[in-house]
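My notes follow in the order I looked things up.

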Amino acid sequence: MDLGEPHILVVDDDERIRTLLARYLNGQNYRVTSAEDAADAADKLTSISFDLLIVDVMMPGQNGFDFVADLRKRGNVVPVILLTARGEAEDRIKGLETGADDYLPKPFEPRELTLRINAILKRAARPAPVAPSIATRFGEFSFDAVRGELKRGDELVPLTTGEAQLLRILARSPGQTVPRAALADPATTGESRAVDVQITRLRRKIEADPRNPRFLQTVWGEGYVLWTE
């Protein structure tokens, strides 16, 4: 097996699902490790580096929502796709609010899962810089779009792949309104409300008062604008 292949952790209490996903993803040139619950996954994360997690929501013990929320609180920004039999819009939004990158209701087509994995991994990949990076600065923050890195002074601020991509798009046109449609990712959920959730999470990291944002502001009925100084 090529150790350069993306390494995915599948977290699901259903052994049949774990086996089927491992078999399918191995056939798609991914390395796969499985965990039977959140505690097992947390243990593996202490010693193994993964490129992406696929996490079931409805698990005994700690559920998928809380597991992902805990990861984000600890500063772990590994991309996450949540899997669940619950496909209601509110559940999808809740999944994104916890810090997940995407949400796929069961049953799903394996090909759709592959497309979503590829889209997230492509977004997470850091392109090799061909010229010195020019950081976008606002207040105490600087954002390197090439590396997808946000810093407050010298301190690195952890960003999920979705948050970094939103900031990349906004930083291309500082001071100009970017429509929601331009911020939505059609390769994943593509929902405008999902964009609003990601914006809310990003504001919590860059705004002193997220309810009255200074840098990342809403243009009602149109989209969002990043103000720089």
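**Entry 1: a charged patch**

Asp13, Asp14, Glu15 and Glu36 form a negative surface patch. A patch here takes residues with over 30% relative accessible area and no salt bridge, like charges being joined within 9 Å and nonpolar side chains (Val, Leu, Ile, Met, Phe, Trp, Tyr) within 5 Å. Asp and Glu count as negative, Lys and Arg as positive, and His and the chain ends are not counted. Each charge is placed at NZ of Lys, CZ of Arg, CG of Asp or CD of Glu.

I noted that this is a predicted model, in which local features need pLDDT of at least 70, side-chain atom pairs count only at pLDDT 80 or more, and totals for chains, interfaces and linings use all residues. Residues are numbered from 1 along each chain as its sequence is written, and side-chain values use heavy atoms, with hydrogens and water left out.

I then placed Asp13: it sits in the loop between strand 1 (7-11) and helix 1 (15-27). Helices (H or I, at least four residues) and strands (E, at least two) are DSSP runs, numbered from the N terminus. Asp13 is partly exposed, at 35% relative accessible area. Buried means under 20%, exposed over 50%, and partly exposed in between (1.4 Å probe, protein chains only).

**Entry 2: salt bridges**

How many salt bridges are there? I read off eleven. The rule asks for a side-chain nitrogen of Lys or Arg within 4 Å of a carboxyl oxygen of Asp or Glu.

I picked out Lys106 and Asp56, whose side chains meet at 3.1 Å, N to O. Lys106 is in the loop between strand 5 (102-105) and helix 5 (110-124) and Asp56 is in strand 3 (residues 52-56), so this pair ties together parts 50 residues apart in sequence. Lys106 is partly exposed, at 25%. Asp56 is buried, at 4%.

Next I checked Arg116 and Asp102, a salt bridge of 2.9 Å, N to O. Arg116 belongs to helix 5 and Asp102 to strand 5, so the pair ties parts 14 residues apart in sequence. Are these two partners buried or exposed? Arg116 is buried at 11%, and Asp102 is buried at 0%.

My last pair was Asp196 and Arg180, again a salt bridge, 2.9 Å from N to O. Asp196 is in helix 8 (residues 192-206) and Arg180 in helix 7 (residues 180-183), 16 residues apart. Asp196 is partly exposed, at 23%. I also saw that salt bridges with shared partners join Asp12, Asp56 and Lys106 into one network.

**Entry 3: helix 3**

Leu71 is buried at 1% relative accessible area. Leu71 and Thr98 are 27 residues apart in sequence, with their C-alpha atoms 9.3 Å apart. Arg72 counts as buried too, at 16%. A polar atom of the Arg72 side chain lies 2.9 Å from the backbone oxygen of Val78.

I finished at the two ends. At the start, a side-chain oxygen of Asn63 comes to within 3.1 Å of the backbone nitrogen of Phe65. Just after helix 3, Gly75 takes a positive phi of about 85°.

Note on methods
Polar contact = N/O pair within 3.5 Å; in protein donor to acceptor, adjacent residues only side chain to side chain. Areas by Shrake-Rupley, 256 points an atom, 1.4 Å probe, with all protein chains shown as cover.
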